[in-house]
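Reader: I'm new to this one, and I'd like to know where the labels come from. Could you show it to me and then take my questions?

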Amino acid sequence: MANPSLLILAGDGIGPEVMDEVKRIIGWFGDKRDLTFDVSEDLVGGAAYDAHGVPLHDDTMAKAQEVDAVLLGAVGGPKYDDLDFSVKPERGLLRLRKEMDLFANLRPAQCFDALADFSSLKKELIAGLDIMIVRELTSGVYFGEPRGIHIEDNMRVGINTQRYTEAEIERVARAAFELAKKRGNKVCSMEKANVMESGILWRDVVNEVHQAEYADVELSHMYADNGAMQLVRAPKQFDVILTDNLFGDILSDCAAMLTGSLGMLPSASLGLPMANGRPKAMYEPVHGSAPDIAGQGKANPIACILSFAMALRYSFDEGAEADRLEAAIEKVLADGARTADLMGPEGGTAFGTTEMGDAILAALDASL
Ligand code: IPM
Ligand code: MG
């Protein structure tokens with residue numbers, strides 16, 4: 001059988017630095033676990049714009065459609081702030097999500113024991129935290145038409161449209177219920193049904209899917225503003241949170257920060273099964289390109305490495321190897337390894353990006 005294929009799109013800012021560590025981890029699994037991937041690399045975001053004048057070349061898009069999984073670093077940076085909207089780095093990322101139809105975005109917020117002190121919340125509120133946010137990723141206000149900036153009565157008017165079809169809500173709801181069954185068996189769905197018709201439909205359809213197929217899963221509903229408040233008040237009440245594209249963007253940053261650093265949080269974006277049975281998939285850290293620290297070798301590679309662990313689990317059915325990688329990370333953190341984003345007020349010497357990669361590789365060796 002051919003090796004599974006990966007397309008690496010490291011992107012901008014700290015993307016390439018953290019992805020270098022992921023490449024070493026991928027190499028380790030080839031050498032030590034007989035799990036060899038065919039890896040190719042290409043450009044996305046500002047890097048693609050610099051080379052091609054577009055944030056994602058058509059050839060790259062075509063490659064992304066062919067591989068078993070895409071690993072993405074980060075896109076964007078101040079250098080590209082003044083570009084026309086249509087060629088901004090973020091458009092490359094959104095095109096990948098849309099054209100690969102990656103409708104289910106899984107964003108776990110898990111608190112590593114060793115980092116419980118880093119949260120801005122009290123330790124007892126977040127110790128043992130394990131939430132999964134399922135964010136709809138290919139529709140809603142990010143993509144709805146009409147959109148744009150128009151002139152009406154001599155005045156500029158900015159328009160975006162929140163639009164969801166039943167089918168779009170159904171499929172992401174199923175993804176959330178399926179995940180809940182493998183975890184705490186609880187789904188909390190968040191929208192604004194008090195002010196938005198799309199929210200009313202969202203709630204109705206989630207209820208219908210629940211009744212018809214997942215009545216054994218515990219389901220609750222919350223207005224998204226209350227959800228945000230509950231996330232910082234008592235985050236451990238949640239298991240799976242199901243929400244739309246825009247609320248999911250916001251709530252997932254909030255949930256991520258509960259764990260102490262955005263540098264720790266991975267994500268998986270999954271679509272429909274391909275001919276080989278694997279889902280269309282892209283894996284990326286939740287953090288952005290962090291231009292303020294780019295190129296300095298001090299970025300935390302853990303979110304990107306954990307994203308590869310998600311790839312092992314969700315694309316390649318290698319749950320045990322994903323566990324091994326996550327345990328290695330847990331171990332180095334427990335041993336006190338810290339990148340700059342994880343330094344507490346007591347200070348100490350921070351690991352650079354490569355040193356953190358070294359430590360994780362050593363912990364992987366020790367796991368054999
Ligand atoms: C995210 C990011 C993206 C989004 C940006 C970079 C387009 O914030 O993945 O959460 O808004 O979806
Ligand atoms: Mg975001």
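Author: What follows is a set of questions about labels, each answered from its cut-off. This is a predicted model, where local features need pLDDT of at least 70, side-chain atom pairs count only at pLDDT 80 or more, and totals for chains, interfaces and linings use all residues. Residues are numbered from 1 along each chain as its sequence is written, chains are lettered from A and ligands numbered from 1 in the order in which they are written, and side-chain values use heavy atoms, with hydrogens and water left out.

Reader: Why is the pair F37 and F308 called edge-to-face?

Author: The ring centres of F37 and F308 are 5.8 Å apart and the planes stand at 75°, so the pair is edge-to-face. F37 is in the loop between α1 (15–33) and β2 (38–42), while F308 is in helix α10 (residues 302–314), 271 residues apart. Helices here are DSSP runs (H or I, at least four residues), as are strands (E, at least two), numbered from the N terminus. F37 and F308 also belong to one aromatic cluster with W28, F29 and F316.

Reader: How do you know whether F37 and F308 are buried or exposed?

Author: Buried means under 20% relative accessible area, exposed over 50%, and partly exposed in between (1.4 Å probe, protein chains only). F37 has 8%, so F37 is buried; F308, at 0%, is buried too.

Reader: What makes K63 and D42 a salt bridge?

Author: A salt bridge needs a side-chain nitrogen of Lys or Arg within 4 Å of a carboxyl oxygen of Asp or Glu. For K63 and D42 the N to O distance is 2.7 Å, and they count as a salt bridge. K63 lies in helix α3 (residues 58–66) and D42 in strand β2, so the pair ties together parts 21 residues apart in sequence. The structure holds 25 salt bridges.

Reader: Which labels do K192 and D225 get, buried or partly exposed?

Author: One each: K192 has a relative accessible area of 17%, so K192 is buried, whereas D225, at 46%, is partly exposed. Their side chains meet in a salt bridge at 3.4 Å, N to O.

Reader: And why does D335 count as exposed?

Author: D335 has 57% relative accessibility, so D335 counts as exposed. Its salt-bridge partner, 2.7 Å away from N to O, is K331, which is partly exposed at 44%.

Reader: What puts the charge of K98 over a ring?

Author: The test is NZ of Lys or CZ of Arg within 6 Å of the ring centre and within 35 degrees of the ring normal. The charged end of K98 sits over the ring of F143, 4.8 Å from its centre. R135 lies over the face of Y142, 5.3 Å from the ring centre.

Reader: Where do the domain bounds come from, and what are they?

Author: They come from an automatic or database domain assignment, which gives domain 1 (1–107 + 265–368) and domain 2 (130–258). The C-alpha centres of the two domains lie 25 Å apart. Across their interface the rule finds one salt bridge.

Conventions: Rings of Phe, Tyr and Trp (its six-membered ring) pair if their centres lie within 6.5 Å; planes under 30 degrees apart count as stacked, over 60 as edge-to-face and the rest as tilted.
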